[in-house]
Structures are given as C-alpha cells and as structure tokens.
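Subject: Handover of a structure

Dear colleague,

Please find below the structure that I am handing over to you. My notes on what was found in it follow.

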Amino acid sequence: MTAPFVNLRPEQRRMLDASTRTLHRIELPEATAARVESGEERQFQADVIAYLRSAKGVQQIDTVPNSRGNPEGVPDIRFAYLGRPVFLELKTCTGKTTTAQDQDHERRLLDGWQGGVFRSIPQVKAFLDKIEQDAIPAA
C-alpha cells in the first residue's frame, strides 16, 4: 500500500504530526471532484457521511449543520475510527477555515483527536487509511 498524499507537491500540503495527533491541511490541485469545485459544501458533506457509514471501523458519526445557533468553530463531522476520536472539517476548493475553527482544531489535537481540513472523499479515505496503518503494530 502506498503512503497517503505521496503524489502531492510540498507546496500543496502542510502536515503537523505529533505522536497520535495529526493535522492535515491539503490544498488540492485544480482537478477536483465537480461537486467540490462548484461550491456545494452541503452535498460534499452528505457524500462524506455516506462514505463513512459504509466504512468499517467508523462509529458514532456526529455532524453539525451549517446554520446559526451552533457553537462557533466546531468541525463539520466528528466520529470514532478504530477507537480513536476523529474530526473532519470539510471545505470547498476555495473555502477557508475561520480563526475559531483553527483554535478548535488545535485544542482537539492537543486532546488526542486526529483530523483536519479535507476537500475530497479520496483525501478522507487516505487519511483513514493512514490512521489504520498507524494502528497496526509492526511485525
């Protein structure tokens, strides 16, 4: 199995790895899924949730609808994967995180969560693959 994100250029990613805490901020090349390019973040979130529901090892999916009245900065999707807490912030190609989101993500990482900002389902899948690889003890 190839390492996740191996095909991305250095300027397309910023990765912070600290033991079990991982933050991935990945800027995609121009060729991205049509739904994400068109700015349909709500549909993108629905597609990711459908993918997560079909993935083995995913439990307790919790989402925050994009509407007023929700706590500021809370990631779009939170769930357990192979017993680890994970958060996903979903953004379109042009979407940016807010200061509140950045602060919430950093707090979660310090609390032992894994997660980051994702712009496509293949990125989410690669991230889960990385968590799975890290969970498998070396022979």
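Is Val86 buried or exposed? Val86 counts as buried because its relative accessibility is 0%; buried means under 20% relative accessible area, exposed over 50%, and partly exposed in between, with a 1.4 Å probe and protein chains only.

This is a predicted model, in which local features need pLDDT of at least 70 and side-chain atom pairs count only at pLDDT 80 or more, while totals for chains, interfaces and linings use all residues. Residues are numbered from 1 along each chain as its sequence is written, and side-chain values use heavy atoms, with hydrogens and water left out.

Val86 belongs to strand 5 (residues 84–90). Helices (H or I, at least four residues) and strands (E, at least two) are DSSP runs, numbered from the N terminus. Five of the seven residues of strand 5 are buried. Val86 is in contact (heavy atoms within 4.5 Å) with Ile77, Arg78, Phe79, Tyr81, Trp113, Gln114, Phe127 and Ile131, leaving aside residues up to four places away in sequence.

Strand 5 pairs with strand 4 (residues 77–81) in the antiparallel sense over five bridges; pairing requires at least two bridges found by DSSP. In this pair, Arg78 stands opposite Phe87. With strand 6 (residues 114–118), strand 5 pairs in the parallel sense over five bridges, and Glu89 has Val117 as its bridge partner. From strand 5 the chain crosses through helix 3 (residues 99–110) to strand 6 in a right-handed β-α-β crossover, that is, with the strands pointing away from the viewer, the path from the first strand over the helix to the second runs clockwise.

Positive phi values

Most residues other than glycine have a negative phi. Leu82, in the loop between strand 4 and strand 5, has a positive phi of about 50 degrees and is partly exposed, at 39% relative accessible area. Gln60, in strand 3 (residues 58–63), has a positive phi near 55 degrees and is exposed, at 68%.

A helix pair

Helix 2 (residues 41–54) and helix 4 (residues 121–135) pack at an angle of about 35 degrees, with their axes 10 Å apart. Axes are lines fitted to C-alpha atoms, for helices over the stretch in contact, and angles run from 0 to 180 degrees between N-to-C directions. Phe44, Asp47, Val48, Tyr51 and Leu52 in helix 2 touch Ile121, Val124, Lys125 and Leu128 in helix 4.

Yours sincerely
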